[in-house]
Amino acid sequence: MTLFHAAADAYRRHRPGLPDEVVHLLAGTLRGIRRPALLDLGSGTGQVPAALLPVLPQLARLDLVDADRDMLHQAGIVLHPLLTGRAAAFHPVRAEEFTAPEEGYQADLVTCARAFHWMDRPAVLAMADRVTAPGAVLAIMGDGSLWTHRAPWTTALKELIQSYLGTERRTGTTGAYSGPERRYEDDLAESPFSEVEEHHFPLRRAWTPDMVVGYLRSTSFARPDLFGDRHSRFEAKARALLEQHAAKEGGLVEETVFGVLLARRPGGAR
């Protein structure tokens with residue numbers, strides 16, 4: 001069973017999507033390519049391809065990679081009405097295990113949103129080198145989580161979670177999350193994709209208590225099975241806490257930054 005196995009429906013319903021500025025940045029990397037191919041790693045429920053399909057009518061092929069079959073099933077539901085005849089393939093493997101699905105396959109854009117920290121990053125970058133076109137772009141992106149966001153309401157929520165599950169950030173039923181030991185930029189510097197552009201997009205999200213509770217169900221650190229028979233009690237307390245902070249603070253606001261690293265091979269075509 002993978003880390004997010006039971007969270008796929010909550011992930012599809014409650015995870016925030018990509019900001020418009022990020023969508024257009026990614027689309028711009030494929031400008032001038034007549035029938036580009038997208039390889040999305042750690043796809044989850046398909047948020048990246050779902051955002052790109054409407055603005056990239058020339059996108060000819062999509063390959064979604066995620067070890068969780070439930071996530072890919074949800075991605076199929078999301079993407080089906082958007083494909084309009086374009087080819088999409090779903091690969092239930094870890095990102096570093098992906099292999100070219102056919103002879104001559106070359107991806108023009110490789111995306112990884114909010115998932116690179118879970119992966120064997122050097123192995124993923126070596127894999128990407130094998131399956132991409134010479135001028136391909138690798139986009140690694142994310143915006144943190146409500147666990148790391150610093151605001152009075154997220155601090156109180158984190159303390160409530162810790163009162164049930166302990167002080168360490170959980171990664172499922174058996175582990176604790178400690179974060180990457182090195183920066184993504186350092187991983188890229190030692191890979192074939194060593195030419196890197198950094199992009200930062202300030203982002204303001206307004207949450208409701210119901211949205212936050214739904215989001216928590218999709219996370220590795222507060223998903224329902226971690227609480228056992230105490231989950232209903234936790235959600236009731238979380239909702240009451242969030243309603244109190246929303247009334248006191250004029251809403252539940254998250255001020256964050258969505259970061260994108262665009263990486264290419266040195267001298268790669270743009």
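A pocket here is an open set of points on a 1 Å grid over the protein atoms alone, where a 1.4 Å probe fits and protein lies on both sides within 12 Å along at least five of seven lines; a cavity is a set where the probe fits but cannot get out, and lining residues have an atom within 4 Å of a point. Points are joined across faces, edges and corners, and a volume is the space filled by probe spheres set on them. The model is predicted, with pLDDT of at least 70 needed for local features and 80 or more for side-chain atom pairs, while totals for chains, interfaces and linings use all residues. Numbering runs from 1 along each chain as its sequence is written, and side-chain values use heavy atoms, leaving out hydrogens and water.

Start with the largest pocket, which holds about 1,200 Å³ of space. Its lining takes in 50 residues, and R114, A115, F116, H117 and W118 sit nearest the centre. Two or more lining residues come from each of β5 (132–142), α7 (184–189), β6 (195–207) and β7 (252–264), helices (H or I, at least four residues) and strands (E, at least two) being DSSP runs numbered from the N terminus. β7 supplies the largest share, 6 residues.

The side chain of R114 makes a polar contact of 2.8 Å with that of D143, and one of its polar atoms is 2.7 Å from the backbone oxygen of P16. A polar contact is a pair of N or O atoms within 3.5 Å; within protein, one must be able to donate a hydrogen and the other to accept it, and residues adjacent in sequence count only if both atoms are side-chain atoms.

The largest cavity comes to about 80 Å³, and among its 13 lining residues G42, S43, Q47, V48 and A113 lie nearest the centre. β1 (37–41), α3 and β4 each give two or more residues to that lining.

The largest nonpolar core counts 31 residues, with L26 and M141 making the most contacts inside it. Such a core is a set of buried Ala, Val, Leu, Ile, Met, Phe, Trp, Tyr and Cys residues joined through side-chain atoms within 4.5 Å. α2 gives the most, 5 residues.

Notes. Buried < 20%, exposed > 50% of the residue type's maximum accessible area, 1.4 Å probe, protein only.
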